[in-house]
Amino acid sequence: MSILTAEQIAIKQAAKEFVAKNIIPVADALDKTCEFHPKVLAAAKESKIFAMAVPKEYGGLDYDALTQAIVLEEWGYGCAGIGTTLAASILSMDSVLIAGTHEQKLRYFKPILNSEIGSFGLTEPGAGSDAGAGKTTAIKQGDEYVLNGTKCWITNGGYASVYVIFALTDPAAGMKGLSAFIVERGRPGFTIGTVDHKLGIRSSNTVELLLKDVHIPANNLLGKEGEGMKVAMKTLDMARPAIAALSVGLAQRALDECAKHVLATFTGKNYAGQTLQFKLADMQILVEAARETLHNTMRLRDAGKPFSKESAIAKTFCADVAMQVTTTAVSLMGSYGYTHLGKYMRDSKIMQIYEGTNQIQRLVISRAVLTPAPAPAAAQKAGI
Ligand code: COS
């Protein structure tokens, strides 16, 4: 069990209460209707939950990365679909934190602190795992950029009021010509295309974004032209542990529901023997190991150390654990599992896919493994 400070324990408890009151009671119904409930956002606003990822100077609470992960785990425990909606807003803010000017941060964080949501538009048809292969363009015309292209599988796309969109300012340069932009909802030519019907996280909104001659002010460029790929990669380093945290929450929930069912159904019966007990023990081992892996990554980030490889490890391991634990929970509970715990299993599958598939994470990890370690003096200087 990870050692937390008294403040982190209090924040975890507050997150649990938020989830018990505002997420768990509506999760199954929203999974069935595939919609995000505005009441959850109203509650998020009242509880100031987005403020945790915003620096104090912009009106936020500026929680450290470990504390944010603790809160995200609770969202995943309540509902990975609603958790995805909330986490994707934070993901879009990460790009602004990384590359935004003071004025851009003020502008972007204000609606999100007001519990409007944000969205991150990187993926395109033909540019998913190969993030640098996008075709969307942003051509400078005077003091504006004009955007054209299609983004797909964009979380929150249909509801967001602010977006971070990646587009080529120099199409001939490929990924070196990629740039990041703030795009506000409602600009002429910016419309929502297909709404995706999903296996899991069904209360989150996933859509296609269509950009046709969308004019935005030149000062919506995040960072410099051509820095988009680096902004995207740094954003994903920061955001992948959020998926790890939702996954740990999901796995813990499946384990708790499974244990509750065992206690209620099998206690005292001879078939509640060691087969069942050992399965529950294995699930607990995986959940605790996943949580520790995540917390270690967050501690590295909070200490200002490199954490790109660890972020990929946490995302991969925690997502795989969620898939394994939720699948075991369904199998152990038989027909009860199939009828009552199926949502956790369905919700887990996407954890292995979005924000970089687990195969892409393995690529990132293996590249780090194959990169020669810096000499001891250089490593000390870099704080490794
Ligand atoms: N931080 C900062 N910069 C990074 C970085 C990181 N973690 N990772 C890569 N970069 C930089 C590289 O240094 C390189 O810049 P230079 O050419 O100036 O050195 C640039 O970004 C491109 O990196 P790379 O050459 O490694 O690109 P590849 O195309 O070989 O591979 C992968 C990039 C596959 C790792 C990337 O495309 C990726 O993460 N894909 C998954 C995308 C994803 O997660 N999508 C989810 C969408 S949001 S739900």
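Predicted model: local features only at pLDDT ≥ 70, side-chain atom pairs only at ≥ 80, totals over all residues.
Let me start with Y159, which counts as partly exposed because its relative accessibility is 40%, where partly exposed covers the range between buried (under 20% relative accessible area) and exposed (over 50%), using a 1.4 Å probe and protein chains only. Residues are numbered from 1 along each chain as its sequence is written, and side-chain values use heavy atoms, with hydrogens and water left out.

Now to the aromatic pairs, meaning rings of Phe, Tyr and Trp (its six-membered ring) with centres within 6.5 Å, called stacked if the planes are under 30 degrees apart, edge-to-face if over 60 and tilted for the rest. The count by this rule is five aromatic pairs. One of them joins F36 and Y159 edge-to-face, with 6.3 Å from centre to centre and 65 degrees between the planes. F36, for its part, is buried, because its relative accessible area is 6%.

Let me turn to I182, a residue of strand 5, which spans residues 178-184; strands here are DSSP runs of E, at least two residues, numbered from the N terminus. What does I182 touch, leaving aside residues up to four places away in sequence? With contact meaning heavy atoms within 4.5 Å, I182 touches Q104, Y108, Y163, I216, N220 and L222. I182 is also buried, because its relative accessibility is 2%.

Methods: Helix = DSSP H or I, 4+ residues; strand = E, 2+ residues; numbered from the N terminus.
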